[in-house]
Amino acid sequence: MKIILNPKYEHLRGYLSRIEEHFDHEGKEIFRDRNVIRTLQTDGLTLCVKRYAPLSFGGRLAVRTYKASKGKKAYFAPLNLRERGFESPEPIAFVKYTKGLTRTTTYFVCLLSTYRYSMSNILDFSTDERREITACFARYAARLHSEGFMHRDFSASNILFDKVDGRYHFALIDTNSLRTGRPVSIEKGCANFSRLIGDEEFYRWLAEGYAAARNADPAYCLKLIRQVHGLD
């Protein structure tokens, strides 16, 4: 077993060293496809634990030669975001079990976010609330892209938000596909909105807010956003 542990949570090392056992017999399942996500309770904390599906032979070879595993990326990406002032659930650990010569099982452990909504809930709000949320999100996305962060799975369900002290806050999850580097272009930034859910008003407000924050043409941004949603 290999474990990378956030020093702040060293007191959880014993518990996390048996995460496979806890995951199989405790907690509540909240998501399942190839990967499985469960919440676990320990030491007064609610943990969000993601178990990654076993890799194919090609995937195992790629990880062994030049790629980091998804679980490992999921641990380091939020640290990078948080260091730059962007919210993401605090990472606790990356745990890897190796069985035999080829089979590995990896886990990513973080604190469960307390934010109540994701961007997939945007249509549940009133018109005035939607407009405010969208404007705040547009500025948030513009800052994210300007600082060189590109979440390649920037889907509505991976963007959490809530209103805290009168202001909307946003947090990214499932960040193992996060890319960092030079500022994201306007074109790539607008294309990054392709997995969001909304109506014509949402896309217009998003284009206006994003363009204003990045000193771009709102009509051009709206055209790009409509294109990636198949509306033009």
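Modeller: Let us begin with pairing, for which the rule is that two strands pair if DSSP finds at least two bridges between them. Please keep in mind throughout that this is a predicted model.

Biologist: What makes strand E1 and strand E5 a pair?

Modeller: Strand E1 (residues 2–5) and strand E5 (residues 91–99) are joined by four bridges in the antiparallel sense, and the rule asks for at least two. Within this pairing, Leu5 stands opposite Ala93 in E5. On E5 there is also a pairing with strand E6 (residues 103–111), antiparallel and held by eight bridges, where Tyr97 is found opposite Thr105 in E6.

Biologist: Why is Thr39 called buried, while Asp43 is called exposed?

Modeller: Buried means under 20% relative accessible area and exposed means over 50%. Thr39, which belongs to strand E3, has a relative accessible area of 12%, so Thr39 is buried. Not counting residues up to four places away in sequence, Thr39 touches Gly27, Lys28, Ile30, Thr46, Leu47 and Leu112. Asp43 sits in the loop between strand E3 (36–42) and strand E4 (45–51), and with 54% relative accessibility Asp43 counts as exposed.

Biologist: What makes the backbone of Asp43 worth a remark?

Modeller: Most residues other than glycine have a negative phi. Asp43 is not a glycine, and yet its phi is positive, at about 55°. Asn215, in the loop between H7 and H8, likewise has a positive phi of about 55° without being a glycine, and at 74% relative accessibility Asn215 counts as exposed.

Biologist: Why is the ring pair of Tyr117 and Phe161 called tilted?

Modeller: The ring centres of Tyr117 and Phe161 are 5.5 Å apart, and the cut-off for a pair is within 6.5 Å. Planes under 30 degrees apart would count as stacked and planes over 60 as edge-to-face; the planes of Tyr117 and Phe161 stand at 35°, so the pair is tilted.

Biologist: How do you know that this pair ties together parts that are apart in sequence?

Modeller: Tyr117 lies in strand E7 (residues 117–118) and Phe161 in strand E9, so the pair links parts that are 44 residues apart in sequence. As for accessibility, Tyr117 is partly exposed because its relative accessible area is 25%, whereas Phe161, at 0%, counts as buried. Both residues belong to one aromatic cluster, whose members also include Phe137, Phe170, Phe193 and Tyr210.

Biologist: Which residues touch the most other members of the largest nonpolar core?

Modeller: Among the 36 residues of that core, the ones touching the most other members are Met119, Phe137, Phe170, Phe193 and Tyr210. Elements that give two or more residues to this core include helix H4 (70–83), helix H5 (127–146), strand E10 (167–172) and helix H7 (200–213), and the largest share, eight residues, comes from H5. There is also a second, separate core of 18 residues, which includes Ile3, Leu5, Tyr15 and Tyr107.

Biologist: With which residues is Phe193 in contact, leaving aside its neighbours within four places in sequence?

Modeller: Phe193 is then in contact with Phe137, Ala141, His145, Phe154, Leu206, Tyr210, Ile225 and His229. In soluble globular proteins, nonpolar side chains tend to be buried together.

Methods. Residues numbered from 1 in each chain as written. Predicted model: local features only at pLDDT ≥ 70, side-chain atom pairs only at ≥ 80, totals over all residues. Heavy atoms only, no water. Core = buried A, V, L, I, M, F, W, Y, C linked by side-chain atoms within 4.5 Å. Buried < 20%, exposed > 50% of the residue type's maximum accessible area, 1.4 Å probe, protein only. Contact = heavy atoms within 4.5 Å. Phe/Tyr/Trp six-rings, centres within 6.5 Å; stacked < 30°, edge-to-face > 60°.
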